[in-house]
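Here's a quick tour of one model, with an eye on helices and charged side chains. Have the sequence and the 3D view open as you read.

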Amino acid sequence: MDALKYITPKFFTTIRNYSKGQFLKDLIAGVIVAIIALPLSIALAIASGVNPEQGLYTAVVAGFFISFLGGSRVQIGGPTAAFVVIIYGIIAQYGMAGLTLATLMAGLMLIIMGLLRFGDLIKFIPKTITLGFTLGIAVGIVSGQIKDFLGLEMKSVPAEFLEKMIAYGEYLSSISWATLAIGILALLIQIFWPRLSQKIPGSLVAIIVTTAIVAFGHLPVKTIGDLYTIKAGLPSFTVPDLSFSLIRQMMSPAFTIAILAAIESLLSCVVSDGMIGGNHRSNAELIGQGVGNIMSALFGGIPATGAIARTAANVKNGGRTPVAGMVHAVVLLLILVVLMPCASWIPMPTIAAILFMVAYNMCQWRTFVRLTKTAPKSDIAVLVMTFFLTVIFDLVVAIEIGMLLSCLLFMKRMSDETGVRSWLYVEEVEEQKRKEQEARKAKKAGKELSVEEAQLLAAAAEDEEAAMKEQARLREIPRELAVYEITGPLFFGAADRINQIETREETKCLVLRMRAVPAVDSTAMNSMVALYERCQKNGVTLILSHVNEQPMHVMEKAGFVDMIGRDHFCPNIEAALDHADEVMGK
C-alpha cells in the first residue's frame with residue numbers, strides 16, 4: 001500500500017475522519033464556489049470559441065473528477081483562462097473533433113506523467129517562462145473580446161493577433177455606444193463591488209444588473225442568445241472519431257495542454273498548501289487532472305485544470321476536503337439543468353468585461369515589470385521572448401523556444417561557474433605577496449587603486465586565513481610538480497576548461513584537486529582521457545585528489561580509474577602531494 005501512496009487520492013485519506021461539521025463547511029464552500037464558477041465557466045467557453053454550456057460541462061465533469069481523484073484536499077478544477085488561446089486556435093484549425101481528441105490525449109499524457117512520478121519535475125520549468133506565457137495569454141484574451149466589448153459589426157474574429165488588430169481597425173467606425181456603455185458598467189461593478197461584499201462575486205452582480213438593464217430597457221445590445229443556441233440538460237456521452245492522421249496532428253497541441261494543465265494545477269496546489277498548512281500529492285494530482293480531462297472530453301467539455309482563484313475562494317469559505325469541490329460540481333449541474341436557458345439573456349459586453357477582469361487578475365504585470373528591472377539580462381530575454389511568442393504566434397512555439405533558450409542560458413551559467421586554477425610556485429607566491437603589499441601601501445596613502453590591485457586585495461581579504469595556510473604549503477612545491485584546482489561541474493559546456501591545463505618541460509607529476517567538482521559527464525571524461533594521454537606522452541604522472549562520489553562513479557564506469565591506476569587517487573591534497581613526492585623519488 002505504501003508503494004501506491006504517491007497516487008492515492010486525497011479524498012480517500014480525508015474521508016476517514018470526516019465529520020458532520022466539516023460537511024456543512026464543505027457544503028457552504030462548494031455552493032459559494034459554484035456561484036463564482038458559473039459566470040466564469042460561461043465566459044471562458046465563449047472566449048474559447050465553443051458554446052456556453054460546454055464551459056459548465058467542463059466545470060461539472062472535470063471539476064468532480066479532479067476533486068474526487070486528485071492529490072489536493074481543496075483543489076477546484078474547471079475551465080481556466082490559460083487554455084483560451086490554445087482552444088481557440090485548435091477549433092479554428094481542426095474543429096471540435098480536433099479539440100476533443102487533443103483533450104483526450106492530454107488526459108492520457110497527464111495520467112502517464114503521474115504514474116511515472118513526473119510531478120516533481122514541473123518545478124524545473126522556469127518562472128520566467130510561466131510568467132511570460134501567462135501575460136501573453138492575458139493579452140490574447142483581451143484582444144479576443146474587443147469585438148464584443150465595443151459591439152463591432154464584424155462577422156468573425158481572426159485567430160492570429162496581428163490579423164485581429166488589423167480587422168478591429170477596419171471596423172472601428174461601427175462601435176455600438178450602447179454596447180460599450182454596458183461593458184463599462186459591467187467592468188465598474190466588478191472593480192468596486194468587492195468593497196461592499198466579498199461573499200457574492202462581482203461578476204455575478206454585473207451579469208444580473210446589466211442583463212436587467214438590457215432586457216427592460218430594450219437596448220440594442222447583443223446577448224448570448226443572439227449568437228449561440230443554449231442547450232439545457234445533462235451532457236451526453238460521445239466517443240470521438242479517431243484517425244491516425246488527426247492523432248499525429250494533435251500530438252503537439254495535446255502536449256501543450258498537458259504541460260499547461262500540470263503547471264497550473266500544481267501551482268494551485270502549492271498556493272493552497274500554504275493557505276491550509278497541508279501537503280498535496282503531486283503525482284496523484286496529475287492523475288486526477290488526467291482523468292478529469294478525459295471525462296470532460298467524453299462529455300462534450302473542454303480542457304480543464306486547477307483554478308487558483310476558485311481554489312482560494314474554497315479555502316476562504318471553509319472548504320477543507322475534496323467534498324467541497326464535488327459539491328461545487330453538483331450545484332453547477334443543477335444550475336445547468338434548471339437555469340441554463342436564462343443564460344441566453346446575458347449581454348455579450350458583460351461577458352467581455354468579465355474576461356477583461358480574468359485577464360487582469362491572471363497577468364501578474366507588476367511581477368513582469370519588476371523582473372524586467374531587477375532580473376539578469378538572460379532571464380529578461382527569456383521572459384520577453386516567451387511573452388511575444390505567445391502573443392504573436394502561439395503557446396506551443398513560446399514554450400518550446402523558451403525552454404530551449406532557458407536550457408542554453410543555464411548551461412552557459414554553469415560553464416561560467418567551472419574554473420581551472422593553477423597553484424603558484426614559490427617565486428610566483430612571493431611576487432603576488434609583493435604586489436599585495438604595494439596595493440595595501442597605495443590604499444593606505446589614499447591613492448586610486450588599479451583594477452588588478454583592487455582584485456588582489458579583495459581576494460586576499462575574502463579568506464585570508466585559508467590563503468595563508470595554503471600558501472605555506474605551496475612554498476614546498478618544486479618545479480617538477482604542477483597542481484591545478486578544478487571548481488564547478490565538468491559537463492559538455494565546460495569540458496574545454498580541461499584543455500587549459502598545461503605542463504612544463506620539467507614537470508614530472510600533475511595533481512588535479514577536484515574537491516569542488518560535484519559532477520562529471522561523458523564529454524568531460526573524454527577530455528580527461530585526452531589529458532591523461534597527453535601526460536603519458538610527455539612522461540608526466542597524473543594524480544587526482546578528493547574525487548567526489550558522482551565523478552568517481554563515472555570514472556570507474558568509463559574505465560578511467562583502471563587506466564591511470566587506483567593508487568593515483570588520493571583522499572585529499574596533502575595525501576596527493578605526499579604521493580607525488582614518492583613518485584618523483586623525494
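## Ground rules

This is a predicted model, so to speak of local features takes a pLDDT of at least 70 and side-chain atom pairs count only at pLDDT 80 or more, while totals for chains, interfaces and linings use all residues. Residues are numbered from 1 along each chain as its sequence is written, and side-chain values use heavy atoms, with hydrogens and water left out.

## Helix α11

Helix α11 covers residues 282–298 (helices are DSSP runs of H or I, at least four residues; strands are runs of E, at least two). Its 17 residues should span 24 Å at 1.5 Å a residue, and the end C-alpha atoms sit 25 Å apart, which agrees; the expected span is 1.5 Å times one less than the number of residues.

Because 17 of the 17 residues are buried, α11 is largely enclosed by the rest of the structure (buried is under 20% relative accessible area, exposed over 50%, partly exposed in between, with a 1.4 Å probe and protein chains only).

## Salt bridges

The structure holds nine salt bridges (a Lys or Arg side-chain nitrogen within 4 Å of an Asp or Glu carboxyl oxygen). In helix α17, K412 and D416 lie four residues apart, about one turn, and pair up with their closest N and O atoms 2.9 Å apart. K412 is partly exposed at 47%, as is D416 at 46%.

E485 bridges to R515 at 3.0 Å between closest N and O atoms. That pair links distant parts of the chain, strand β4 and strand β5. E485 is buried at 5% relative accessibility, whereas R515 is partly exposed at 40%.
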